[in-house]
Amino acid sequence: MTATLAAPVRIGRSAVGALGLLAVATGALESVVTPTLPLLQRELGMTPAEGALLSIVLLITGALVTPVAGRFGDRYGGKKVLIRLMAVVSAGGLVSALAPNLPVLLVGQILQGAMVGALPLSFILVRAHLPAGESKVAIGVVSGLFVGGGMAGTLSAGPVAEGLSRHWMFALPTLAVIGATLLVNGLLPGDPPGRSDRAGVDWPGLVLLSGTLVTLMLVLALAPEAAAQPLALGALLVVLAAFTTGWIAVERRAPAPMVDLGLLARPAVWKSCALTFVICLGTSVAVYLVPQLLAVPEREYGFGAGATEIGFILLPGALTAALAGPLSGIGARRFGSRAVVTTGTFLMITALLALAAVHTEIWHLVTGKALIALANGLCVTALVTRTATGVEQSETGIATSLVLVTRVLGFAVGAQLSGALLTAWTPSGSDVPAESAFATGFFLAGAVTALSLLVVRTLSKGVEE
């Protein structure tokens, strides 16, 4: 009994720093495909459809693995699951780095998708070993560094692939993941299992959730060609409805559901999920459209920038994204999560609507993208922190994983809708979309983000409902 009641070992800054380094490395590895997709298509002889598959397969597996990792972390201990998960990610990164063709690269990306589960496991460890106030700041730091790592990967992938090879753009962040995992293993104490139940894995629920997410991604991928293939899209929508209905029915009856729908129904969780989805959808529109606009030839209305040049132009956005996490954690601790989310939401709305109105100079895009990156980091970090500290400690992993899954879905939906918009507004016989497509995309993203204020105003000032 004494051992059971003993306080957990308190971790220091070096241990939190190790989790932060792991977040940077995984964020970088997650983001290298998107900016280099044209290069990969060219070198591997991929069709546009195959390129689309490559761009979303990591999102699909990440969305599936995240709730599993959170559930296992709550049940068996965060450190134990995290180290094993990172072994899978490292193997996936090495497979991607050595891949001679598309099928092998897809296998590597499937394995890499496990990296998204690292964040809820990190939050489990932080909450287990730090007081509530300090854990908010630490969660903010780790979340912000993951966002910053993603931006760093986006910026560096092009120069590395062009200067060295596509193999190195996977190998370098993978080596960083391996090094950070070793640091985490050495610096963090083990945390005891958080659950005593012996219920097995909810495999039926996991299979149905897999089918739901895979079908959703296929629907989004096919959406730009809906006019040409209406029957295929309609069939996929029917399959999506069937999977979703079946998954909900199974989860309601499962003794230990993989996704606790009762937990999702709590205001502290569903509000965070809804806001995260909208914020990430708006962010994704900018993430997709700004580089596309920069790459439009100067003879049209763009800037004719290459992959490396685009990376340098977007550097301020990477810096603000890295700073947003710590700022959000500190702000949530001092002023409450609602104040941070409100500030971030207004920043994003302003930046998106400003880009819709003026985007003829590089500094317009640099400033707008930097503000959107800052707003996204402030909002998502505050929402994750609010969720992590607003549920029972034994539910930290699964609750935060729900928010992170909606983050992935928000980015996927935003990117697919942006692509569909540019495709629809590209004149026949041209490969350059009309300039009005960009203005419309930014405006619609700003308008959708503004609707989220209806939910923001209902949040409590603190982190609990």
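## Helix α13 against α16

In this predicted model, helices α13 and α16 are roughly parallel to each other, because their angle falls under the 35 degree cut-off. Helix α13 spans residues 267-295 and packs on α16 at about 30°. Their axes lie 11 Å apart. The crossing of α13 past α16 is left-handed.

## Helix α16 against α19

Helix α16 covers residues 337-357, and helix α19 covers residues 435-451. Their axes come within 7 Å. They cross at roughly 160°. That angle is over 145 degrees, so α16 runs roughly antiparallel to α19. Here too the handedness is assigned: α16 passes α19 in a left-handed crossing.

## A nonpolar surface patch

Four residues build a nonpolar patch on the surface: Leu164, Trp168, Leu172 and Leu175. Together they have about 420 Å² of accessible area.

Leu164 sits in the loop between α8 (132-163) and α9 (166-187). Its relative accessibility is 56%, so Leu164 counts as exposed; the cut-off for exposed is over 50%.

Ala15 belongs to helix α2, residues 13-30. Ala15 has a relative accessible area of 2% and is therefore buried, the cut-off being under 20%.

Ala15 and Gly186 are 171 residues apart along the chain. Their C-alpha atoms are separated by 8.8 Å.

Technical notes
Residues numbered from 1 in each chain as written. Predicted model: local features only at pLDDT ≥ 70, side-chain atom pairs only at ≥ 80, totals over all residues. Heavy atoms only, no water. Patch = residues over 30% accessible without salt bridge, like charges linked within 9 Å, V, L, I, M, F, W, Y side chains within 5 Å. Areas by Shrake-Rupley, 256 points an atom, 1.4 Å probe, with all protein chains shown as cover. Salt bridge = Lys/Arg side-chain N within 4 Å of Asp/Glu carboxyl O. Helix = DSSP H or I, 4+ residues; strand = E, 2+ residues; numbered from the N terminus. Buried < 20%, exposed > 50% of the residue type's maximum accessible area, 1.4 Å probe, protein only. Axes fitted to C-alpha atoms, helices over the stretch in contact; angles between N-to-C directions. Parallel < 35°, antiparallel > 145°, perpendicular 65-115°, else oblique. Left-handed = near helix turned anticlockwise from the far one by under 90°.
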